[in-house]
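This report describes one protein chain, going from its overall make-up to single residues. The sequence and the model come first.

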Amino acid sequence: MALLAEKPPATLQTGVTLNFRAPDYSPESGGIHPVEIRIEPCPTNSDWHICYITDFGYFGRPYPELEKDIDFNFTTGQGYQAFVGIHPLRNFSGIYRIWEANFRSYLNNDTFQITITWD
């Protein structure tokens with residue numbers, strides 16, 4: 001959360017969306033997928049929680065579009081994976097651990113351009 005401390009909101013906010021983009025990712029050459037993470041305050045205390053983490057990828061031919069590839073929705077307790085569908089989040093624990101290890105590695109290597117949107 002040090003990233004968020006660098007750019008505090010001007011006023012009390014209802015949430016923050018973090019977008020992580022690898023500039024060289026494209027449908028032609030592939031690469032590291034863009035990721036969106038939504039964080040909101042807990043309604044019962046002053047803590048914040050992750051609502052969802054969505055990993056996007058290009059799908060379709062001849063005109064690929066950026067779509068959800070993997071989604072971990074902690075608010076609804078559901079997970080989604082392309083070509084697998086929606087299932088209880090507990091079924092995604094293995095893929096989540098792999099996904100998180102890769103994501104952390106990309107962060108440590110400064111792979112992403114990061115955009116923070118407070119609302």
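Which residue takes a positive phi in the hairpin of strand 4 and strand 5? In this hairpin, with four residues between the strands, the residue is glycine 77, and its phi is near 75°.

## Overall make-up

The model is predicted. The protein contains two helices and seven strands, and their order along the sequence is α-β-β-β-β-β-β-α-β.

The protein has 119 residues, and 32% of them count as buried. Its accessible surface is about 7700 Å², with 53% of that belonging to carbon and sulfur atoms. Among contacts in the protein with a separation of 6 or more, 38% are between residues 24 or more positions apart.

Strand 3, residues 48–59, pairs with strand 4, residues 65–73, in the antiparallel sense, and eight bridges join them. Phenylalanine 59 stands opposite glutamate 65 of strand 4. The two strands form a hairpin that has five residues between them. In its turn, glycine 60 has a positive phi of about 100°.

Strand 4 also runs antiparallel to strand 5, residues 78–81, and four bridges join this pair. Here asparagine 73 stands opposite glutamine 78 of strand 5. Strand 5 in turn pairs with strand 6, residues 85–88, in the antiparallel sense over four bridges. Glutamine 78 has proline 88 as its bridge partner in strand 6. The hairpin of strand 5 and strand 6 has three residues between the strands, and phenylalanine 83 in the turn has a positive phi of about 70°.

## Glutamate 40 and the cysteines

Glutamate 40 belongs to strand 2, which spans residues 35–41. With a relative accessible area of 27%, glutamate 40 is partly exposed. Apart from neighbours within four places in sequence, glutamate 40 is in contact with Thr14, Gly15, Trp48, His49 and Cys51. One of these contacts, cysteine 51, is 11 residues from glutamate 40 along the chain, and the C-alpha atoms of the two are separated by 6.7 Å.

Cysteine 51 counts as buried because its relative accessibility is 5%. How many disulfides are there? The count is zero. The cysteine sulfur closest to that of cysteine 42 is in cysteine 51, and the distance of 8.7 Å is too far for a bond. The cut-off for a disulfide is a pair of cysteine sulfur atoms within 2.5 Å.

## The second largest pocket

The second largest pocket holds about 150 Å³ of space. Strand 4 and helix 2 are the elements that give two or more residues to its lining. Which element gives the largest share of this lining? The largest share comes from helix 2, with four residues.

The lining residues are Gly31, Ile32, His33, Val35, Asp55, Asp69, Ile70, Trp99, Asn102, Phe103, Tyr106 and Phe112.

## Threonine 111

Where does threonine 111 lie? Threonine 111 is in the loop between helix 2, residues 93–108, and strand 7, residues 113–118. Threonine 111 is partly exposed, and its relative accessible area is 22%.

Not counting residues up to four places away in sequence, threonine 111 touches Arg21, Ala22, Pro23, Ile32 and Tyr106. Two of these residues, Ile32 and Tyr106, are also in the lining of the second largest pocket. Threonine 111 is 91 residues from phenylalanine 20 in sequence, while their C-alpha atoms are 8.8 Å apart in space.

Definitions and conventions
Residues numbered from 1 in each chain as written. Predicted model: local features only at pLDDT ≥ 70, side-chain atom pairs only at ≥ 80, totals over all residues. Heavy atoms only, no water. Buried < 20%, exposed > 50% of the residue type's maximum accessible area, 1.4 Å probe, protein only. Contact = heavy atoms within 4.5 Å. Areas by Shrake-Rupley, 256 points an atom, 1.4 Å probe, with all protein chains shown as cover. Pairing = 2+ DSSP bridges. 1 Å grid on protein atoms, 1.4 Å probe; cavity = no way out; pocket = protein on both sides within 12 Å on 5 of 7 lines; lining within 4 Å. Points joined across faces, edges and corners; volume = space filled by probe spheres on them.
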